[in-house]
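Here are my notes on the model, as numbered points. Please read them with the structure open.

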Amino acid sequence: MFYSFTQKYPPVKFLSEKDRKRILITGGAGFVGSHLTDKLMMDGHEVTVVDNFFTGRKRNVEHWIGHENFELINHDVVEPLYIEVDQIYHLASPASPPNYMYNPIKTLKTNTIGTLNMLGLAKRVGARLLLASTSEVYGDPEVHPQSEDYWGHVNPIGPRACYDEGKRVAETMCYAYMKQEGVEVRVARIFNTFGPRMHMNDGRVVSNFILQALQGEPLTVYGSGSQTRAFQYVSDLVNGLVALMNSNVSSPVNLGNPEEHTILEFAQLIKNLVGSGSEIQFLSEAQDDPQKRKPDIRKAKMMLAWEPVVPLEEGLNKAIHYFRKELEYQANNQYIPKPKPARIKKGRTRHN
């Protein structure tokens, strides 16, 4: 007797051979990478995800495994990769402070050697490469809001330098390869992003506050809470990345939500949305924590016709729903993942 098991995949558009691209996403099993994978797969492209699962999870992309347009490779970009592709989205790097401070040398290697390897691949096969850079290249900014022509204010030997400077030199490498070797590059400077599939214990302000509120714990605010951040929902970011990749804009572009909130306002908003009775607890300020963060997105609006469209509360409700389900899943499976110990004084994280 034979049983047939048919895998149910999300709906995928059919693209003709000339329109279908072969796309590599490094870090494609991570938070942003997996949402980008979903979009490119549903748009009908052939997608190869490369991830070493340091912070990425197979669970994030398992719904595509077995699909003829999808391939998942367990690989570390610090080692060279030989593959034929048309576009490379280079997202590989830990992005939350506890993760990138846990192993600063590994973070530096991923952002430098990993980026060199991907640029070398792009040169060999004639692919276009998009670098997922970060608003951290601006450091603790002395101009507000931050536009792409601001050079930044970064502590090169601070606890976050492995990430900040790693991304800054990754940008330098992109433009060196463009100038010297003619490689087509795109650079996205990504501001705070949140949504489903964020790591529950990644130490970022959104996941921290939601988890604390859901579990009835105090919401921990570092410093006075007057620091500002601008939060974008992950689907807005993904649309921006795809628009940038397929544009003719080779200079850096900010992708973020210019709607600015203080950390204290944000804590109160999450408390209200969760319906939590948690108190707000003030802790001493984290080192090199930027005081203001707000993108100037005029360039993205003008050159990509892109801007965020998901309202903050709508996005937060989706994230809260996801975290609630994750907590239920863990309770039912009697499994609570322990966060990796961050090598930071007094175990502090910061508002990222």
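1. Start with helix α5. Its buried residues pack against β7 (193-194), β8 (219-222), α7 and α9 (312-333). Helices (H or I, at least four residues) and strands (E, at least two) are DSSP runs, numbered from the N terminus. Buried means under 20% relative accessible area, exposed over 50%, and partly exposed in between, with a 1.4 Å probe and protein chains only.

2. A word on the basis. This is a predicted model, in which local features need pLDDT of at least 70 and side-chain atom pairs count only at pLDDT 80 or more, while totals for chains, interfaces and linings use all residues. Residues are numbered from 1 along each chain as its sequence is written, and side-chain values use heavy atoms, with hydrogens and water left out.

3. How many residues of α5 are buried? Nine of the ten are, so α5 is largely enclosed by the rest of the structure. The buried ones are V205, V206, S207, N208, F209, I210, L211, Q212 and A213. Just after α5, G216 takes a positive phi of about 70°.

4. Next, the partner α7. Helix α5 (residues 205-214) and helix α7 (residues 263-274) pack at about 40°, with axes 9 Å apart. Axes are lines fitted to C-alpha atoms, for helices over the stretch in contact, and angles run from 0 to 180 degrees between N-to-C directions. The two helices are therefore oblique to each other. Angles under 35 degrees count as roughly parallel, over 145 as roughly antiparallel, 65 to 115 as roughly perpendicular, and the rest as oblique. The crossing of α5 and α7 is right-handed: the near helix is turned clockwise from the far one by less than a right angle.

5. The α5 side of this contact holds V205, V206, F209, I210, A213 and L214. Facing them in α7 are I263, F266, A267, I270 and V274. Contact means heavy atoms within 4.5 Å. By class, the contact of α5 with α7 has eleven nonpolar, no polar and no charged residues. Ala, Val, Leu, Ile, Met, Phe, Trp, Tyr, Cys and Pro count as nonpolar, Asp, Glu, Lys and Arg as charged, and the others, Gly among them, as polar.

6. Helix α7 also packs on α9, at about 60° with axes 10 Å apart. That makes α7 oblique to α9. F266, L269, I270, L273 and V274 in α7 meet L312, E313, L316, N317, I320 and R324 in α9.

7. Look at A319 in helix α9. A319 is buried, at a relative accessible area of 0%. Leaving aside neighbours within four places in sequence, A319 is in contact with F194, G195 and I210.

8. A separate pair is α3 (residues 104-125) and α4 (residues 161-181), whose axes come within 9 Å and cross at roughly 15°. They are therefore roughly parallel to each other. The crossing is right-handed. Among the contact residues are L108, L116 and K123 of α3, and C162, C174 and E181 of α4. The contact of α3 with α4 divides into eleven nonpolar, six polar and three charged residues.

9. Last, the cysteines. The disulfide count comes to zero, where a disulfide is a pair of cysteine sulfur atoms within 2.5 Å. The sulfur of C174 is 19 Å from the closest cysteine sulfur, in C162, too far for a bond. C162 counts as buried at 7% relative accessibility, and C174 counts as buried at 0%.
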